[in-house]
Every structure is written in structure tokens, then in C-alpha cells.
Amino acid sequence: MYVAVKGGEKAIAEAHALLAELRRGDPDVAELSLDQIQNQLSLAVDRVMNEGSLFDTELAALAIKQAQGDLIEAIFLLRAYRTTLPRHGVSTPIETTDMRVLRRISATFKDVPGGQILGPTYDYTHRLLDFALAVEAMDETDWDHDAHHHDDALEDQDTETEEASPTLSRVLSLLEREGLVEQPPSAVSTPSVDLTREPLDFPAARETRLQALARGDEGYLLSLAYSTQRGYGRTHPFAGEIRSGVVMLHCPVEELGYALPLGEFLVTECDMINQFQGGGDLEPTFTRGYGLQVGLSERKAMSMALVDRALRADELDEERLSPAQDEEFVLAHCDNVEAWGFVSHLKLPHYVDFQSELALIRALRQAAETPDA
Amino acid sequence: MHETLTDYNFAYLDEQTKRMIRRGLLKAVAVPGLQIPFGGREMPLPYGWGTGGIQVTAAVIGPDDVLKVIDQGADDTTNAVSIRAFFAKTAGVATTEVTTEATLIQTRHRIPETALTSGQILIYQVPIPEPLRFIEPRETETRKMHALSEYGVMHVKLYEDIAQFGQIATSYAYPVLVNGRYVMDPSPIPKFDNPKMHQNPALQLFGAGREKRLYAVPPYTDVVSLDFEDHPFEVQSWDSPCGLCGSTDSFLDEVVMDDAGTRLFICSDTDYCRIQRERADG
């Protein structure tokens, strides 16, 4: 009877066997391949790569398969793998102005140089279940294949290049020229903290905050971003520019004396224009918030930009009254692997602590019953 | 029993990371009770499940070490089994359930009943390393409070307990003053275990993975549980002895035996309970 309370090696092994069976599901149904996940669940792959802080579509697909589609579990798997990898160097910052654009929109101007390019977006789909998709072998639908998959997007760069202009000037640069919007910060002189190697320290520099937000939980950041729109730290945002496309990654090699191109990958960037500052001697100027994610991760990039702006409250002399403006609150709780780890640890035995509390509460009740004692 | 993994470094972590953790630990030993930030890594076990303790163990373990892992005092609880298997697999070290045989003991929520000896290392898993956290949630503030030894709020909290309940209503993670300088969270051990920390011959290391903090109590260091002259610190006691070994001096877990609510009180320290039973039989 007493033994039944405690777990053991055998119980764990049995649990793992059950899990493997559940993961596989009905063996008569074909097993998922990593190719299928990479291609047909590419937005899940993007989320796992972003919050897992590792760009590797194949490993992300493996993590999703292994986690039965539980994305937070997949993110955890990818992070636990990533942490064992050596750091070979630091790339030069990617230049998103040189992006080969797959999608680019601005909500602040009806038309912009280069035009509004919708690209592959769910924005204007009617959310009607497409029962045609329920039927298998839908390869011959009229969906545009090229626009749909990363790999295709990467492979078809040449055709993309021909279709779209090679680079599109940034929407906010139009306002920068007039001095109506603050200049983006110039290159950071000191190397940024690598949050996967060093603990988060408060107060955090903006680039450190952005790093934490980039790997922060999408749902958490979405809700915080939403809260700023409902008055908890209002910033009057406009989607100045949202762009997705392919950028080149360079890494400096000391022996060569220049930065070596490593390859291209898809990113999504959001440049938010926010309420202006100024008054007195200062000319009124729009401020901005910034979001960047790998893959097609627009919801996260926009949320990140809104939260980034809200967190600049101190820097911009705004009163900090709302959760989204509170750096320690936002950053200390945005990591879903940490959050789920600590919440889930409540499943671990706490007999000793609980026994201590039981003994205490009994003693307190006894003392209350016999006040003279 | 387990094959040693070859894809990963000895004890999982790479040597640079271990060195970084050891540097943190040296600083922690030099300033007893002070929380040292460290570049905590993502481990293959979840945050909150002992990643801090695991990283400390990985940083100090060698091939000749004998490892014991306990959770709630017991060697056979699922998470203790899991962590022990992790090191058996990644480091190929010998493991034991016998407190006196172990060179390293990783623990969650207990200090073994058997007295530790010089040369042993006790490694605590810590969820919230900041003893002032539930009084002041901001790290920037609590850091200042430690720097200035501004611990009045902690005494106020304990006093409020006495005003409300007639006694200090903290039964585990009971705050201690280390080496007369830093107030420290002893991790969620029952206050029953607090006196064992004082002047302990073993080295006590603490790792908080999610919060990325290390701290330490070197051997033979003063560790005093906070209290008041008229409300001195007291530990828990039980009316009945252990139902298995008859011990009257160990921390007892309460086990509900049937639907009628019959209770059995047994040692939380399974190794200690075994020794007592063997002594009674022999």
C-alpha cells in the first residue's frame, strides 16, 4: 500500500511506452513525414523556430512530430537541443531593406513606392471551412504553390526576383526624411547580451528586450499587445510597414577579412508608427516599435512591435501604469518554456511541504480551540 | 544498466558551460548566502523540475563520484528516479541510495536525516531563490535590499504572522540568515531541516535554473533561522513515531491508507527508514 504512493523506474518506462503508442495513433493511418510537416504545417514550424531560437525547419518539424503537435513541447525540445550546440560566431545584422519581398503592406499610405503586395495572407480569406481540403489528394487545387511554402519560396528566389523588384524602400524612411518619425537606433556599439548564454538583467537594454520578445510566447505577447490597444498603456499604433521576404545572412570570417554569405532565409518584420512625442522645444515626432521574426509570423511580429513600444515608456518619459509597460513583469514571464516548466512542476510530489502546512494548520486550529494553552 | 551516451559531453553540459557554472559557484562559496546570477542553460528536463540542481551537479560531478538523488527525502520518487537515470546515462557514474556512500547528493525539499560528513556535497534544487520575492516582486528592488541588509520587511512579515495566528505561519522555505550577513531562502525544505544547515560539515550548493541564480553555504557556516526572542524558532514534531521503523526523530509523511481516512505516518527519508528497520531487525 505504501509503495503504491511512490513512483519508480518501471512506472516511468511504462508511461513512455504508452506515450509512444499514443503519439503514433492508429498504425493503419500513414505516419507523418518531416517533409509533410515542413511543407504543410509551415506556420507551426515557423513558430517553433522563433520561440525555440533555432532556424532549422527539419529539426523543428521533428520536434512537432515528436510532441504530437504540442507546440510549446516542441519549442522545449528544440531549445534543449539548441543549448548543446557550440556558438561559432556572431553574424552581421541582416539588412531587411534589401529583402526580396514576398509580402509588403502599409496601413499608413494608400500607395507606397513599390506598391502594396499582399502575398500569401489569410487576411482576406473568408473563414469558411473548405470541405474540399478534407478530401485527400488535393494537389491540383488552384492554390498558388509558390506563395505557400518556405522551401518553395527559397527555391524560387530567382523567379521571385523577376516578379518583384529586387528591393523596396522602407515606408518609414519616407517619414524619416521629413524628420516626422524618430530615426531607428544606429548600430549597437557594444555586443548585445546573448540571452541563451547570460541571465536577463534589469533594467534591460532595448536590444535585450527585443531578444527576449523574439523568443517570447506568441499568445502572451498578443494579449499584452491587445491590452495596450484597450487602454492599458495606449500607444496609438499604426502599422507603418509589415514585410515578409527573403534576406541574406552574412557572417564575418576573420581570416578572410569580410563577411561570408551563409544563405538566405525568410523573415517577417513589423515597423509600427506610434504616438508622437514633443512639445516645448522639441518638435513633435512619431515614435516607433519594432518586431522581427523568422518565417511568416506576422501575428507575433506585430505583437512584438506593440509591446516593444509599450516597454519604451521610461525612455520616452511616459508614466508606467500598465502591465505591458512594466519591463520586469513582461520580460520575466514571456518565456513559455520557463512558464510551463514552473506551472507543470506543481505535478511533482510536494508531500513534505504539504505535510508541514498540515501540521501547522492543525496546530493553529488546536490553539484556537484552547485559547489559554 | 544504462549505456553511457556518446553524443553528448560527460554529464551532458559542455566544458565551457561547466566552467562558467563553477566560477559562479566559487563566488557563491566566497560570499555565503549571496545569490550569483549565472548563464543557466536550457536542460532536457523542464524548468521547475530541478534544472538548477542538475546544472550544479553536472558542473561538479566527476567520474569517481557516487551520486544520490532524493525528492521529498525519498530515492524512489519519480523525479528522483528520472534525474538519477539522467546522470547514470550521461555521466556513467555510480549511483546509490545510501546517504553515507554518496559523494554528491542532489535534493529537492529535504536534507537527509543521516548527518552529512566533510567532503560530501549537498546540491539543492531551488524554485524561487529570492527570500524577499513574495514581499517585493521586483528584482531591482530586492537586490538593493540585500545590498543594504534591509531585512526589516522580513521581520515585519514574521511579526504579522504572530499577530494574526499567534505563531510564525511559515512551515517550509523558512528564511535563514547566513554567516550573519545575507538572508537566504533554504529552498522549500521543511523548517524541520533548517537546523541541519547550521555548521554542517558538508558543502551546500543551491541552483535555481529558471531564475538563473546560484548560491552556497560553505562547510561549518552559521545558518540561523529568523525568529524573535519571545517567539523562538521551533521545528515540527509528531505525536506518533514512524509506522514502519518506529523512529521518533525524523520528518514524517502522512499517508492516507483507505477511504475511511486511516492515516499512516512514515519517514520521508527512505534511506534513514531502511537503516532504522535493519537496526531493529538485527
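Buried area here is the accessible area (1.4 Å probe) that two parts lose on being put together, summed over both. This is a predicted model, where local features need pLDDT of at least 70 and side-chain atom pairs count only at pLDDT 80 or more, while totals for chains, interfaces and linings use all residues. Residues are numbered from 1 along each chain as its sequence is written, chains are lettered from A and ligands numbered from 1 in the order in which they are written, and side-chain values use heavy atoms, with hydrogens and water left out.

**Stop 1: the interface**

Color chain A and chain B separately. About 4,500 Å² is buried between chain A and chain B, and carbon and sulfur atoms give 59% of that. In contact terms (heavy atoms within 4.5 Å), 45 residues of chain A meet 62 residues of chain B.

Now show side chains at the interface. Six salt bridges cross between chain A and chain B, each being a side-chain nitrogen of Lys or Arg within 4 Å of a carboxyl oxygen of Asp or Glu. Pick A:Arg79 and B:Glu42 for one such salt bridge, at 2.6 Å from N to O.

Helices here are DSSP runs (H or I, at least four residues), strands are E runs of at least two, and both are numbered from the N terminus. Zoom in on α16(A), which gives the most, with 11 residues.

**Stop 2: the sheet in chain B**

Switch to cartoon for chain B. Seven strands form an open, mixed sheet in the order β1-β9-β8-β5-β4-β2-β3; strands pair if DSSP finds at least two bridges between them. At the edges sit β1 (36–37) and β3 (94–95) of chain B, each pairing on one side only.

Select β2 (residues 66–71) of chain B: two bridges join this strand to β3(B), and the two run parallel. Opposite B:Leu67 you'll find B:Thr95 in β3(B).

**Stop 3**

Over all chains, the salt bridge count comes to 44. Select A:Glu264 and A:Arg100, a salt bridge whose closest N and O atoms are 3.0 Å apart. Why is this pair worth a look? A:Glu264 lies in β3 (residues 258–279) and A:Arg100 in β1 (residues 100–105) of chain A, so the pair ties together parts 164 residues apart in sequence.
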